[in-house]
Amino acid sequence: MNVTVEVNGVEKSVDCEPRTLLVDFIRTKLGLTGTHIGCDTSNCGACTVLLDGTPVKSCTQLAAMAGGRKVTTVEGLAQGAALDPVQEGFHVEHGLQCGFCTPGMMLVGKALLEDNPNPTDDEIRWAISGNICRCTGYMNIVKAIQHAAATKAAVKEQPAEPAGVS
Amino acid sequence: MFPAAFDYSAPATLDEALAILGEHGDDAKVLAGGQSLIPLLKLRFAQPSLIVDIGRIPGLSGVDSENGTVRIGSRTRHRDVEAASQLRGRLDVLLAAAPQISDPLIRNVGTIGGSVVHADPQGDWGAVMLAVDAEFVLRSAKGERIGPADGFFQGPFTTAISPDEVLTTIRIPSPSGARTGGSYHKMERKIGDFATVATAVHVVLGDDGRITRAGIGLTAVGPHNIKAKEAEAALAGQEPSTELYAEAARLAAAAAEPNSDIRGTAEYKKDVVRVFVQRGLRDAVKRAQGANS
């Protein structure tokens, strides 16, 4: 079957079997390997992508279900050389060690800040509760998302200033 | 892991979906959010030859109420039930249970109807449906029938639904103005794990402060979600009291039929039922009493 999705702002139309999982579609058919496969059982969240802006576990979606919808992967976060505030937050606050969970954590953080620009630490912990970090780096992940919230708030106050790369 | 090969159909209308199911029967499987079905496909516990994705059919999701009945579209996602503030004070048990289902990412996709029909004995919605005496609207190409939640759950992953039917709407009696309260207590080892034990409680209080009716559903302590009928009967018409809760909780624990497994012994799980029902009744009655004060 043919599946057409808008991936990181670009429309892609690819043939695949109906049984193709969204994560395999993204990694193998689209060549975007920033989306990781961790547990492959919808427990860990390493495969998180945004589907129409909402975080989902792409190991537990069929590619066919994403047809006609917008998919955002970690590769879609940066705008050219400018990091997304959430990426900058993970950089500055050392929000990663091995980096395997990081794409999922950042995408969940990005979606959270769209809905709730000023979250409490508890709200961040709640939002990332479906994503597992085996380096146990949750403290810095929470700080990283708070950093992104602060950056976005500052950018909103001074819209002329683009989000810088630190 | 990846599923065995299947054909895929994404009908645009319910009638089209029902026609396909009528033709293919047991060989076809309905896909809603996929948060239970896709893991089963990947493990190859399920190997249907055809997947009928109802995700593109309009009109199957949303929460509304009419003439004292709350109607929840079967494809309403857990997160949308979580956010359905109009249920506050009417069906608190749904609002209490929704955020405890799996994790936020699963709740972004998984649906209430999918969970009900999947009928995992460790699933949360079944117990809630039993507590609130929900009715399921089941449609097939031949017509429509109403199935009460009581009796719908027949065994692990087994319900009264036929292969050619789709659950379209969940109907819950909820007279406006009634003093109701609800609670959902769940023990899980970690977020996203299945329940070790969970209990759903829904109470309606009369003007005299007595319990008009109480509903109690149990999760993960039997081959399917269990309705604790003897406990419910013991509560009806009674004045709320600590002693009454203790007696009802004892009866609810007696209705549980848990197995010993890695999450705990049968004896332990029965006792958790007792403790949770006791707490659940206390919390639910407190909410119901607060609703009018």
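Biologist: Which elements do the buried residues of helix H3 of chain A pack against?

Modeller: This is a predicted model, where local features need pLDDT of at least 70 and side-chain atom pairs count only at pLDDT 80 or more, while totals for chains, interfaces and linings use all residues. Residues are numbered from 1 along each chain as its sequence is written, with chains lettered from A and ligands numbered from 1 in the order in which they are written. Elements are DSSP runs numbered from the N terminus (helices H or I, at least four residues; strands E, at least two). The packing partners, all in chain A, are strand E3 (48–51), E4, strand E5 (70–72), helix H2 (85–92), H4 and helix H5 (138–157).

Biologist: How many residues of H3(A) are buried?

Modeller: Buried means 20 or more other C-beta atoms within 10 Å of the residue's own, with C-beta atoms placed from the backbone. Met105(A), Leu107(A) and Lys110(A) are among those that qualify. H3(A) is mostly covered, and of its 14 residues the buried number is 12.

Biologist: Which element gives the most to the side of chain A that touches chain B?

Modeller: The contact (C-beta atoms, placed from the backbone, within 7 Å) takes 25 residues from chain A and 23 residues from chain B. Strand E4 (54–57) and helix H4 (121–127) of chain A each give two or more residues to the chain A side. With 4 residues, the element that gives the most is E4(A).

Biologist: How many residues on that side of chain A are charged?

Modeller: Asp, Glu, Lys and Arg count as charged; Ala, Val, Leu, Ile, Met, Phe, Trp, Tyr, Cys and Pro as nonpolar; the others, Gly among them, as polar. The side of chain A that touches chain B holds 10 nonpolar and 10 polar residues, and its charged residues number 5.

Biologist: Which strands stand at the edges of the open sheet in chain B?

Modeller: The sheet has 4 strands in the order E11-E12-E13-E14, with antiparallel pairing. Strands pair if DSSP finds at least two bridges between them. Each edge strand has a single partner, so one side of each is left without a neighbour in the sheet: these are E11 (179–188) and E14 (226–227) of chain B.

Biologist: What separates the centres of the two domains of chain A?

Modeller: An automatic or database domain assignment sets the bounds. Domain 1 covers 2–76 and domain 2 covers 85–156 of chain A. Taken over C-alpha atoms, the separation of their centres is 21 Å.

Terms used. Two residues are in contact if their C-beta atoms, placed from the backbone, lie within 7 Å.
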